[in-house]
Amino acid sequence: MLVTYLIIGIVPLLFFSFNITKTLQGYFEETNEKEVLYQANKIAGNIQKADYLNDKSKQAQFWQDLDDRSAEENCRIIVVDSDGYVVADTNHAVIGKMFIVPEIIVALEGSDEANLRKDEQAIYASAYIEDPYSNKIGAVLVISSFADVYQLINEISNKWIIVTLFIIVIVIALVIFMSQIIFGPLKNILDTIQKISAGQFHQRIELKGKNEFTQLGEAVNTMTKRLEEVDQSRQEFVSNVSHELKTPLSSIKVLSESLLLQENVPAEMYREFLLDISSEIDRMTNIVNDLLSLVRNDPNEAKVNVSDIDVNKMLRDVVKRLSPLAGDKNIELSFQAAKDVVLRGDEVKLMLAVSNLVDNGIKYTPPGGYVKVSLDADNKDCFITVQDSGIGISEEEQSKIFERFYRVDKTRDRETGGTGLGLAITHSIIMLHNGSVKIISGENEGATFIVRLPLERKEG
Ligand code: ADP
């Protein structure tokens, strides 16, 4: 990120500054070369017109003028004759000596030239002097310093460098700041997710402020909470199953050992103990069957056999099947329908769900009481109500009785032979049909279970 931003920020800037200084330099070079060449030409013209090279009487004055001009314009002026001998030098350094530079040679050959000598930071411009017959009788060389221009350009480049450095510092600061803002929280979230993936479901992402990252963190936290719940309920489930199966197993163990350890056991005792063992095995079979049907109703696993169900007929069948059980306990079991209802769903499963409710009604109602099953519907839902006059369920228990293996009073249930899985099965079947179930009850007030099932079954 840092590199990217630096490239984005700095490269155009460098390119821009480089171009500007280059253009400026080019412009200055060109105009100065022209200017110096113009001077050289002018001086050469003057010398030619007044014939200063030959007319020694006026020469001295003109050389003096050249000195003044050179001082004024900060340049050196050299005049040579046709052989390259210096006749005038505003620096008074080479007078009378031969002074040959390429520009002078070119001029003596008949053309003007201006060159920039970068090593000397100076412009050399030359112009020839001719006699009336166009013979080249000398040349003027003007050497003008270019140092101040270079200095100016240097100053400009330096300023650009300062600006560039400043921008680099700003970009770095910005990137560090942004990475704190963006990568800090992201890293935090990532670290936590890695821990969660490793099985530490209690980990939560620390939420600070209110932005997209806290939203992401919240979503991850919610997901993790759900995972933790699933993991916990899975562990609970396994420990509940083992516990529930251990009780009948240890009974069987005790019963069989007491038979084995005694000698001369009477035949009736064998019979009695074996009956007990058989009933414990029945209990285990019930638990295993219930567990299997719970697994089958798991929305992820469930194989649903959808058909149009005549709900009246289905409820009548349930009541008919359980009537003998109610009769045994002297409980009045009745069915009443306000409407004919047809529902799309899995008949076998729904029958099991209602049977569990009715079965419970009979189980938890003392002799002489009643269990009433009724059916009603509006245009959206159908309602199946199972009402009994039994021991009822206290409000705090109502939220728990749908949990697997939950029983209000364990000792009491040993007599009724429940597994604590019936309502969990009922609940999972209702959920599978996108329905809901409501309890109206209180201790010793009887219990009413109202099952709502949507008539338009949503697939899935
Ligand atoms: P069980 O096999 O023990 O009946 P359930 O899951 O069917 O298991 O029910 C869980 C518990 O809810 C029962 O143990 C019982 O205490 C309570 N319960 C269920 N139905 C009724 C009811 N109609 N009246 C009173 N208590 C009930």
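In which loop does Asn434 lie? Asn434 is found in the loop between helix 11 (422-432) and strand 11 (436-441), where helices (H or I, at least four residues) and strands (E, at least two) are DSSP runs, numbered from the N terminus. The structure is a predicted model, in which local features need pLDDT of at least 70 and side-chain atom pairs count only at pLDDT 80 or more, while totals for chains, interfaces and linings use all residues. Residues are numbered from 1 along each chain as its sequence is written, and side-chain values use heavy atoms, with hydrogens and water left out.

The protein chain as a whole contains 11 helices and 12 strands. Its radius of gyration, taken over C-alpha atoms, is 55 Å, well over the 23 Å that the globule rule gives for 460 residues, so the chain is more spread out than a compact globule. That rule is 2.2 Å times the number of residues to the power 0.38. The C-alpha trace spans about 165 × 65 × 35 Å along its principal axes. Of the 460 residues, 38% count as buried, a class defined by under 20% relative accessible area, with exposed set at over 50% and partly exposed in between (1.4 Å probe, protein chains only).

Contacts and surface complete the overall picture. Among contacts (heavy atoms within 4.5 Å) between residues at least 6 apart in sequence, 63% join residues at least 24 apart. The accessible surface comes to about 27000 Å², of which 56% belongs to carbon and sulfur atoms; such areas come from the Shrake-Rupley method with a 1.4 Å probe, and for residues only the protein chains shown count as cover. The chain carries 48 positive and 67 negative side chains, and the centres of the two sets lie 7 Å apart. Here Lys and Arg count as positive and Asp and Glu as negative, without His and the chain ends, and each charge is placed at NZ of Lys, CZ of Arg, CG of Asp or CD of Glu.

Attention now turns to strand 10. This strand (residues 381-388) is mostly covered, with 6 of its 8 residues buried. Strand 10 pairs with strand 9 (residues 370-377) in the antiparallel sense over 7 bridges, pairing being assigned if DSSP finds at least two bridges between two strands. Within this pair, Ala377 has Cys382 of strand 10 as its bridge partner. A hairpin of 3 residues joins strand 9 to strand 10, and Asn379 lies in the loop between them. Asn379 is exposed, with a relative accessible area of 73%. Strand 10 also runs antiparallel to strand 12 (residues 447-454), joined to it by 7 bridges; there, Val386 has Phe449 of strand 12 as its bridge partner.

Helix 11 is likewise mostly covered, with 8 of its 11 residues buried. Among them are Leu423, Ile425, Ile429 and Leu432. The cover over the buried residues of helix 11 includes helix 6 (267-296), helix 8 (347-363), strand 11 and strand 12.

Asn434 follows helix 11 and has a positive phi, near 55 degrees, although it is not a glycine. At 28% relative accessibility, Asn434 counts as partly exposed. Asp51, in the loop between helix 1 (2-50) and helix 2 (56-73), also has a phi near 55 degrees, a positive value in a residue other than glycine. Asp51 is partly exposed, with a relative accessible area of 32%.
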